[in-house]
Amino acid sequence: MKTEDGKVEKHFLFYDGESVSGKVNVSKQHGKRLEHQGIRIEFVGQIELFNDKSNTHEFVNLVKELALPGELTQSRSYDFEFMQVEKPYESYIGANVRLRYHLKDVIVGKIYFLLVRIKIQHMELQLIKKEITGIGPSTTTETETIAKYEIMDGAPVKGESIPIRLFLAGYDPTPTMRDVNKKFSVRYFLNLVLVDEEDRRYFKQQEIILWRKAPEKLRKQRTNFHQRFESPESQASAEQPEM
């Protein structure tokens, strides 16, 4: 399939009515617990107009709940299967439009109001990208707001919690990049904006780490490569020179 920039990529091919199955791997840092508001996967059929990124139409939207809200103390894998999925259209990428089927990436969380001392009018959530170039006093930072959503209208009360779901489909963010060849970095942040009744704005920012996960086949190839050239067996089998 051709991409927007004219390159050719290989994708899995599924026919209309064929099931779609796989595995979701959730990794966590060692020694830390991960609280979540549920783990789910969505199968989406979507039409996007390139000249208007906000104008997307979903003609298929299926959801599988993989785990109830709770806490992860270790990395886990979840199997999923969408049975006999109806796919009424062929995938297509053209000059001005793209039709695709994909599994949605999503940031899921919850905002807690433990103490409310200001009269909040509404609340926004922003996904921000920061591009940092240069070193020392010549450092330049370019900030771009990739997405912005209003997630609350009205004043919260003490103890209230607001669930959030921020979908990354359609924005095509890059992985987080840190100090690339000591030339530049790319970092992403969730920015929470609270606006009070006098239009004063309060901010809370949290960095998030995005990464690109290699396909299973490529990861196995890399593992086999390192085992072949680094295993003790291969070193011990080297021929000794004759004396």
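## The β14–β15 hairpin

β14 and β15 form a hairpin with 4 residues between them, and D199 in the turn has a positive phi of about 65°. Strands here are DSSP runs of E with at least two residues, and helices are runs of H or I with at least four residues, numbered from the N terminus. The structure is a predicted model, in which local features need pLDDT of at least 70 and side-chain atom pairs count only at pLDDT 80 or more, while totals for chains, interfaces and linings use all residues. Residues are numbered from 1 along each chain as its sequence is written, and side-chain values use heavy atoms, with hydrogens and water left out.

The pairing of β14 with strand β15 (residues 201-208) is antiparallel and runs over 8 bridges; two strands pair if DSSP finds at least two bridges between them. Within this arrangement, L190 stands opposite Q206 in β15.

## Nonpolar cores

A nonpolar core is a set of buried Ala, Val, Leu, Ile, Met, Phe, Trp, Tyr and Cys residues joined through side-chain atoms within 4.5 Å. Buried means under 20% relative accessible area, exposed means over 50%, and partly exposed lies in between (1.4 Å probe, protein chains only). The largest nonpolar core has 20 residues, and I111, F113, M123 and L127 have the most contacts inside it. At least two residues of this core come from each of β10 (120-133), β11 (140-153), β12 (161-167) and β14 (184-196). The most is given by β14, with 5 residues.

Contact denotes heavy atoms within 4.5 Å. With neighbours within four places in sequence left aside, L127 is in contact with E144, T145, I146, A147, L166, L168, F189, L190 and I208. Another core, of 15 residues, lies apart from the largest one; I39, Y78, F80 and V85 are among its residues.

## Salt bridges

Side chains of opposite charge can pair when their charged atoms come close. A salt bridge is counted when a side-chain nitrogen of Lys or Arg is within 4 Å of a carboxyl oxygen of Asp or Glu, and by this rule the count comes to 7. One of them joins R40 to E65, with the closest N and O atoms 2.6 Å apart. This pair links distant parts of the chain, since R40 is in strand β3 (residues 39-49) and E65 is in strand β4 (residues 52-67), 25 residues apart. R40 counts as partly exposed, at 33% relative accessibility.

K129 and E144 also meet through their side chains in a salt bridge, at 3.7 Å from N to O. Here K129 in strand β10 and E144 in strand β11 are 15 residues apart, and the pair again links distant parts of the chain. K129 is partly exposed at 22% relative accessibility, and E144 is partly exposed with a relative accessible area of 42%. In a further salt bridge, the closest N and O atoms of R200 and E198 are 3.4 Å apart. R200 is partly exposed at 44%, whereas E198 is exposed at 59%. Salt bridges that share partners also join R178, R187 and E207 into one network.

## Aromatic pairs and a charge over a ring

A pair of aromatic rings is described by the distance of the centres and the angle of the planes. Rings of Phe, Tyr and Trp (its six-membered ring) pair if their centres lie within 6.5 Å; planes under 30 degrees apart count as stacked, over 60 as edge-to-face and the rest as tilted. The count by this rule is 5 aromatic pairs. F43 and Y101 form a stacked pair, 6.0 Å centre to centre with 20° between the planes. F43 in strand β3 and Y101 in strand β8 (residues 97-103) are 58 residues apart, and the pair links distant parts of the chain. F43 is buried, with a relative accessible area of 6%.

The rings of F59 and Y101 have their centres 5.7 Å apart and their planes at 90°, so this pair is edge-to-face. F59 lies in strand β4, 42 residues from Y101 in strand β8. Ring pairs link F43, F59, F80, F82, Y89 and Y101 into a cluster.

A charge sits over a ring if NZ of Lys or CZ of Arg is within 6 Å of the ring centre and within 35 degrees of the ring normal. The charged end of K130 sits over the ring of F189, 4.7 Å from its centre.

## The loop at P69

P69 is found in the loop between β4 and β5 (70-72) and is exposed, with a relative accessible area of 56%. P69 and G38 are 31 residues apart in sequence, yet their C-alpha atoms are 4.1 Å apart in space. Not counting residues up to four places away in sequence, P69 touches H36, Q37 and G38.
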